[in-house]
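I opened the model today to look up a few things. My notes follow in the order I took them.

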Amino acid sequence: MRIGTGAFFHETNSFSNIPVTQERLTLRWAEGERIFQVYTGIKDYMGGFIGEAKQQQAELVPSVFARDVPCGKTQQKAIEKVRDRIVEMLMAAHAESPLDAIALHLHGAGVAEGYPDVDGEIIRAVRQAFGPDMPIGVVLDLHGNITDTMMELSDLLIGIKTYPHVDEYTAARIMFARLCDMVRSGYKVYKKIIRLPWHIAPAEGLTTAGPAHDVQQLLYKLEHREEKLIQASFFQGFPYSDIKECGVSIVTMALDQATAEDTALEIARYAWSRRKDFAVPKYSAVEAFDMALAVPAGPGPVVINESSDNTGGGTPGDGTYLLREMLERNLPGTAFGYIYDPEVAQLAAKAGIGAKISCKLGGKMDNLHGDPIELKDAYVKCISDGVFVNHSPKGGGNTVRLGLSACLVVGNVDVVVSSDRTQATDDGVFRMVGLFKDEYQIVAVKSSQHFKAWWADRSRAMIPCETPGIQCADLSCFDFKFADPSYYPLQDATWEV
């Protein structure tokens, strides 16, 4: 059995002014056999494809894996190059020896210039090239905005269930195994989607506790209970993509239409009944630090997470609101990891370890995340290449590259400065500059939920901080142009079967 594969993975924040360019994609581009070299053994989607192909004794035929960290829209020429190269390589492989199916790893919330539904466009191009009879399976992020094109042109559409996303590897293996089953047995998959008039901000979607956890458990229960149910997915959507079809959706796959429809309806009714329970408290930087100081002493630091400048949701990562508060408090045993500012990282490297520098830090990418912070005589404690291995259950084993980085000491605060952006999922942003969590009482990270997969068992408390930014949970702050403004919680929406 020969299964072709390709991937484009990008979560787009339409409010970001950082575009995905061909040059940015080239930095993380993997093609052909290079995909196996990079992702074999990694606990993510492509690692899952590779692992399950071995288990199924299937030949995995690679094309392209293109990705970028979440940010603004992908430039039109860049996405067309990705799309066309995936199709070109898969068609060449098919001509050499016929493919039996195609497994795509996409995100579900990608937007490009000219293509508001990037993921659907890639599925469309593959379907057009291979015709109606080629089985196409897709695995997506929980934050996917599921469009009609995605549903109509794929045979399998499966989303991960966890946030933090610790089941990427598992979900990819499940989808791949189901795709192999389709090839062997030739069975037909019946699908159902129910869209709810509801936007969920990522800060509200934690699945380790609360209402999102309860919905997740219902999915598992139904998959175990219903023999004919292949898979059930609850997509929380990604409102910041700002497209017409963004929002919450339930997708079910079954061996008969009745099972698909009945289970989707059961999930939708339950999730909608819990919608008001998804609201989370929103603490300012001042309130977050006051709460951190009230946490009893014990092992591990208190972690304050700035969800509104979470680079995992497309923000610039150079927001200064939380950092400014930390510097003003000037508490012993505090560290900030990290702020994106390649200019300052370069300045620190040029000055050298042991030197003191004066500069403006952060607040340079836009005027939404705080003004630059004026630093005088900041001590250069460490210079790093910014490379570390992720230890988190979310993407564990991946090598992270943040580029030239530095640790500056400002009063009592250690501040990590990087030249590239990624969400802080473990303590790697501190390790890369020689800092270790046990040295601190309070640390700050830019993340909504993913950091919790690693920090939950290594901290005394985790406190969310909601500063101004393009991933804040208060959706009324945004000027949506395409997303439906009548959806809950922007309005008290109603939904009926």
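Predicted model: local features only at pLDDT ≥ 70, side-chain atom pairs only at ≥ 80, totals over all residues.

**Strand β10**

β10 pairs with strand β18, residues 442–445, in the parallel sense. I counted four bridges there. Looking for the partner of Val303 in β18, I found Val443.

β10 also pairs with strand β19, residues 461–465. That pairing is parallel too and runs over five bridges. Here I noted Ile304 opposite Ile463 of β19.

Next I asked how many residues of β10 are buried. The strand spans residues 302–306, and five of its five residues are buried. I then checked the two faces. Val302, Ile304 and Glu306 lie on one side, and Val303 and Asn305 lie on the other. Every one of these residues is buried, so I wrote down both faces as covered.

**The six-stranded sheet**

I moved on to an open sheet of six strands. I read its order as β2-β3-β1-β4-β5-β6, and the pairing is mixed. Which strands are at the edges? They are β2 (30–31) and β6 (156–159), each pairing on one side only.

Across from Gly137 I found Leu156 of β6.

**Thr21**

Where does Thr21 sit? I found Thr21 in the loop between β1 (2–9) and α1 (22–27).

Is Thr21 buried or exposed? Its relative accessibility is 14%. The cut-off for buried is under 20%, so Thr21 counts as buried.

I looked at what surrounds Thr21. A polar atom of the Thr21 side chain lies 3.1 Å from the backbone nitrogen of Arg24. I then set aside the neighbours of Thr21 within four places in sequence. That left contacts with Gln75 and Ala78.

**Aromatic rings**

I searched the whole structure for aromatic pairs and got 13. I wrote up one of them, Phe238 with Tyr240. Their ring centres are 5.1 Å apart, and the planes make an angle of 75 degrees. Planes over 60 degrees apart count as edge-to-face, so I logged the Phe238–Tyr240 pair under that heading. Both residues are buried.

I traced the ring pairs onward from there. They link Phe238 and Tyr240 with Phe15, Phe478 and Phe480 into a cluster.

**Arg275**

Which rings does the charged end of Arg275 sit over? I found the ring of Trp272, with the charged end 4.1 Å from its centre. I also found the ring of Tyr488, where the distance to the centre is 5.6 Å.

**The whole protein**

I finished with the overall numbers. The protein has 14 helices and 19 strands. I put its C-alpha atoms in a box along the principal axes and got roughly 70 × 50 × 40 Å.

Does the radius of gyration agree or disagree with that of a compact globule? For 497 residues, a compact globule would have a value near 23 Å. The protein has 23 Å, so the two agree.

Buried residues make up 62% of the 497 residues.

Conventions. Residues numbered from 1 in each chain as written. Heavy atoms only, no water. Phe/Tyr/Trp six-rings, centres within 6.5 Å; stacked < 30°, edge-to-face > 60°. Buried < 20%, exposed > 50% of the residue type's maximum accessible area, 1.4 Å probe, protein only. Lys NZ or Arg CZ within 6 Å of the ring centre and 35° of its normal. Helix = DSSP H or I, 4+ residues; strand = E, 2+ residues; numbered from the N terminus. Polar contact = N/O pair within 3.5 Å; in protein donor to acceptor, adjacent residues only side chain to side chain. Contact = heavy atoms within 4.5 Å. Pairing = 2+ DSSP bridges. Rg over C-alpha atoms; globule rule 2.2 N^0.38 Å.
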